[in-house]
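The sequence and the structure are shown first.

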Amino acid sequence: VRGLLKFLPSLCWGGEPAKLVEGFFLAARNPSTILRMVPLPTKTWGGIAVLGLLVLATAPAAAETFAISGGTVALGDGSEPIPNGMVVIRDGRVVAAGDVRMKLPAGTRVIDATGKWVTPGIVAGFSRLGLAEIDLGDDGADDTSAKGPFSAAIDVVPAVNPMASTISVNRADGVTRAIVAPGAGSSIFAGQGAVIDTGADMRPITAARRFPFVELGEAGADLAGGSRSSAHALFRNALREAGELSRYTPSLQSGSREPDERDRPVIRNPNESRLYRSDVRRSDDVLLTRFDAAALVPVLQGRQYLLVHVERASDILAVLDLKKEFPNLKLVLVGVTEGWTVANDIARAGVPVIASPLNDLPGSFERLAATQSNIGRMRQAGVRVSIGMINDDDTRNQFLERQYAGNLVGLSRLPGNTGVRWGEALAMITSAPAKAIGMGSEIGSLAPGRRADVVIWSGDPLEGSSAAEQVFIDGVEQPLDSRQTKLLQRYRYLPRRELPEAYRR
Amino acid sequence: MARGVYFASLLVGAVALSGCAAFESKGAPPVRINADPYPSTYERYPGAVTVIRGATVFDGDGNRIDNGTLVFGDGVIQAVGGPEVATPAGAVEIDGTGKWVTPGVIDVHSHLGDYPSPGTASHQDGNEATSPARPEVWAEHSVWPHDPGFARALINGGVTTFQVLPGSANLFGGRSVTLKNVPARTAQGMKFPGAPYGLKMACGENPKRVYGSKGSMPQTRMGNIAYTRATWLKAQQYKRKWDKYNRNGGEMPERDLALDTLMGVLAGDIIVHNHCYRADEMAQMIDMAKEFGYKVGTFHHAVESYKIADMLAREGICSAMWADWYGFKMESYDGVKENIPLVHNSGACAIVHSDDANGIQRLYQEAAKALADGRRASMNISDEVAWTWLARNPARALGIYDKTGSLVVGKMADVVLWNGHPFSTYTRPERVWVDGAQLFDANNPEKRPVSDFELGQPGEGDVK
């Protein structure tokens with residue numbers, strides 16, 4: 001199976017000998033061969049990449065084999081767009097994309113994208129999408145941050161509402177996945193974040209409990225009682241408490257068999273009871289609840305990513321230093337306005353960054369060195385950068401990410417500024433955020449085997465004036481209507497009619 | 001007469017009240033009130049006579065000139081036309097081939113200076129949230145001239161003029177001020193000469209939340225309206241006293257700074273800028289204006305203007321809007337991305353506004369999005385007409401259209417040269433002139449303002 005998957009790209013790319021194309025059809029005619037090639041397209045996906053083989057019963061209801069041809073195809077992997085390209089999709093996964101010339105089985109649906117652009121769906125790099133219907137002052141409409149007794153154990157999953165109007169608005173603009181983090185309510189530890197899709201169904205979770213999110217800059221200082229020193233002490237203490245509990249967690253030997261259910265009690269759900277029995281002894285001076293401490297065990301063991309919000313250069317370095325103390329940490333930095341001033345350190349540490357792209361104001365004393373060239377400079381230093389929107393209408397405006405990315409391209413034309421290439425900019429809102437949390441093999445690009453999250457745009461997607469015309473998630477075409485489109489229809493023409501506006505829908 | 005005496009100096013800028021017209025008739029009042037006690041001290045900076053050739057010109061009035069020529073000098077536009085326009089002797093000539101020229105972007109809704117960067121607690125100077133009616137406060141008295149946001153708006157957004165408004169915590173937030181985007185040591189040094197004052201009013205959620213949560217009026221939308229009407233009643237009474245005094249003399253009425261401002265609105269000298277999201281509330285505010293005899297100049301935010309665009313066209317009221325903000329509060333829940341073109345299409349005055357220190361840097365991109373959304377909804381609007389949303393319309397809303405807002409001979413030379421089509425996300429201002437003085441040049445690091453606050457800080461003088 002693995003061999004076939006490897007083989008597939010060369011099989012499908014243009015210019016390859018005809019017999020290889022023939023090979024594809026050989027496979028295509030034998031359903032069992034194809035099915036084994038394609039990883040499991042289940043919608044929920046645990047913290048560790050365990051790809052099962054396809055089971056027919058779990059295939060998305062409306063998934064099919066189809067192709068999109070004639071459009072300008074951008075793969076999302078950092079490469080530049082390919083004119084007159086093709087994307088082939090089968091059973092919710094990408095089979096081939098790019099400069100592909102492929103004969104398709106008779107009867108295959110082919111979508112003509114001539115004059116259009118085709119890209120992977122936008123992956124919102126850092127968001128609170130699906131957590132709030134309305135942000136300000138409306139009880140029950142905002143579920144972003146909790147002020148209850150728990151912290152690290154808080155799990156964003158039950159808060160995500162796939163029917164939120166914000167999800168339909170962003171889906172209609174080509175946002176197909178989002179990294180969703182809780183907001184920090186009463187602790188530096190905000191809780192466990194997830195990856196979601198924006199599909200019009202009731203199963204939004206792609207990866208539950210993918211990472212905890214922690215505030216270690218100015219916000220962290222406030223939450224910790226007024227100083228960064230306190231925040232760092234709280235952080236270290238929390239990992240100490242997690243370390244205590246980890247003695248009760250079956251260890252994961254490197255190079256050993258794949259973990260089974262019993263090996264992963266915590267990462268599956270920190271709110272499960274396994275580690276909280278009374279025979280699990282703890283020190284007397286603990287600050288965290290058992291739930292919270294247990295939720296950090298996989299972070300300590302390097303089995304989960306840790307997203308850390310920092311902006312100031314010295315805060316960035318302080319977080320990078322944590323790796324010396326806790327070598328298994330899989331850090332991802334979020335925000336990182338002053339990252340360019342310490343870009344070499346970030347690059348050397350190999351820590352990915354989910355940056356706020358257009359922050360250029362010294363909005364606080366932790367962002368004095370703000371410049372829109374931040375991302376370009378970090379990129380030049382070799383930092384793995386993607387785009388996120390922390391505290392920037394992060395519950396609802398993920399559709400702005402492509403405009404932000406376009407602005408970074410624009411900077412590359414301005415003397416003295418440092419921007420990024422077009423292909424890189426697209427990658428920063430597709431594959432790069434996925435890779436930052438270890439999901440690059442699943443989402444964010446049009447490489448063979450990836451989930452078929454594909455958008456057909458009216459034009460260059462990094463232009464704000466372009467729009468998504470067709471959106472597929474896991475190969476399933478999505479509705480693009482929303483409250484907004486319905487309001488437009490209702491009020492497009494105002495002259496009085498036989499019945500009030502309320503009858504128009 | 002009251003109007004003339006009281007506000008004449010507003011119209012002539014910093015010029016002191018002169019002449020004794022008020023004393024000529026018998027019984028005229030012995031005391032005249034200085035209507036402009038904090039006058040503009042702005043003076044334009046020098047600039048060479050400049051010619052830009054070969055660019056595509058959007059003139060801000062809805063016209064487009066391909067292969068256009070723009071000549072400006074002595075602070076004003078001197079000629080606009082095609083390649084036939086002659087170059088004055090000694091003029092600096094700039095090749096605009098492949099580039100675009102527009103009038104400077106005007107933002108009618110900013111809090112720069114009043115909510116500056118850094119946004120520390122001690123910098124929260126935009127809402128005098130101590131009473132629902134605070135028309136006595138003036139935004140200019142909160143403006144910190146060293147806000148780093150001014151320069152960002154200039155160099156990234158091509159913004160040459162903007163209005164700083166008080167916030168919307170209050171039903172009457174106070175007077176606004178219109179500023180030239182030219183760095184200065186004082187707020188007076190930025191004040192747009194001759195621009196009329198505005199009054200910030202607010203309906204909806206904010207006032208009732210701020211005061212309702214304190215257990216005081218207003219706690220409801222009906223409370224908002226009642227409190228606002230009661231305040232207008234006081235203003236009418238105050239104006240009657242002053243009208244009588246100005247007509248007949250006698251003992252001078254006691255001055256009230258709050259009612260001074262409202263009297264200015266009733267006299268037609270101060271423009272009402274009304275923060276209002278919902279269509280139904282805008283309709284209430286229109287009736288209120290008629291009840292008390294004033295006019296709403298512009299509804300700000302106006303997220304539901306599209307529902308009553310016909311009414312707004314009929315009433316001649318502008319809407320200052322975002323391209324795609326929605327849902328951040330209940331009263332913005334019905335935001336649609338076609339709001340701006342729908343308002344325009346109905347014949348009403350549409351304006352793209354920011355209300356945001358970041359958004360002000362990309363108003364041209366916001367207009368581009370709104371325009372594209374409008375075209376997809378089969379509204380046929382040209383690029384050059386859409387540019388009126390950033391130029392003519394906001395200039396009219398601020399009462400400065402006779403001075404700026406379009407590239408017309410004799411108007412202020414507030415000009416942006418863009419390095420590409422200004423409705424593209426890839427485009428940035430290449431050069432910006434205010435009153436003919438070149439204040440930004442992307443190719444010259446010396447032509448890049450650095451605020452006091454940023455001196456000696458990390459990133460001083462960096463590109464932003």
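Chain B exposes about 16,100 Å², and carbon and sulfur atoms supply 51% of that area. Accessible areas come from the Shrake-Rupley method with a 1.4 Å probe, and for residues only the protein chains shown count as cover. The model is a predicted one, in which local features need pLDDT of at least 70 and side-chain atom pairs count only at pLDDT 80 or more, while totals for chains, interfaces and linings use all residues. Residues are numbered from 1 along each chain as its sequence is written, chains are lettered from A and ligands numbered from 1 in the order in which they are written, and side-chain values use heavy atoms, with hydrogens and water left out.

**Chain B as a whole**

Chain B contains 12 helices and 16 strands; helices (H or I, at least four residues) and strands (E, at least two) are DSSP runs numbered from the N terminus. Its radius of gyration is 22 Å, close to the 23 Å that the globule rule gives for 464 residues, so chain B is as compact as a globular protein of that length. The radius is taken over C-alpha atoms, and the globule rule is 2.2 Å times the number of residues to the power 0.38. Along the principal axes, the C-alpha atoms of chain B fill a box of roughly 65 × 55 × 50 Å.

Of the 464 residues in chain B, 64% are buried. Buried means under 20% relative accessible area, exposed means over 50%, and partly exposed lies in between (1.4 Å probe, protein chains only). Among contacts (heavy atoms within 4.5 Å) in chain B between residues at least 6 apart in sequence, 69% join residues at least 24 apart.

**Disulfides**

A disulfide is a pair of cysteine sulfur atoms within 2.5 Å, and by this rule there are two over all chains. The table gives the sulfur distances.

| Cysteine | Partner | S to S distance |
|---|---|---|
| B:Cys203 | B:Cys276 | 1.9 Å |
| B:Cys318 | B:Cys349 | 2.2 Å |

B:Cys203 lies in the loop between β9 (198–202) and α4 (205–212) of chain B and B:Cys276 in strand β10 (residues 271–276), so this pair ties together parts that are 73 residues apart in sequence. B:Cys203 is buried at 4% relative accessibility, and B:Cys276 is buried at 0%.

The link of B:Cys318 and B:Cys349 is right-handed, with 90° about the S-S bond. Because B:Cys318 lies in strand β12 (residues 318–321) of chain B and B:Cys349 in the loop between α9 (339–345) and β13 (350–352), the pair ties together parts that are 31 residues apart in sequence. B:Cys318 is buried with a relative accessible area of 8%, and B:Cys349 is buried with 18%. When the bonded cysteines of chain B are numbered in sequence order, the pairing is 1-2, 3-4.

**Two places in chain A**

A:Ala425 belongs to helix α14 (residues 422–428) of chain A and is buried, with 0% relative accessibility. Neighbours within four places in sequence aside, A:Ala425 is in contact with A:Ala405, A:Val409, A:Val420 and A:Leu462. Its C-alpha atom is separated by 8.9 Å from that of A:Gly76, 349 residues apart along the chain.

In helix α10 (residues 313–325) of chain A, the buried residues are A:Ala313, A:Asp315, A:Ile316, A:Val319, A:Leu320 and A:Leu322. The cover over these buried residues includes α5 (218–223), α6 (228–246), β10 (305–310), β11 (330–335) and α11 (343–349) of chain A.
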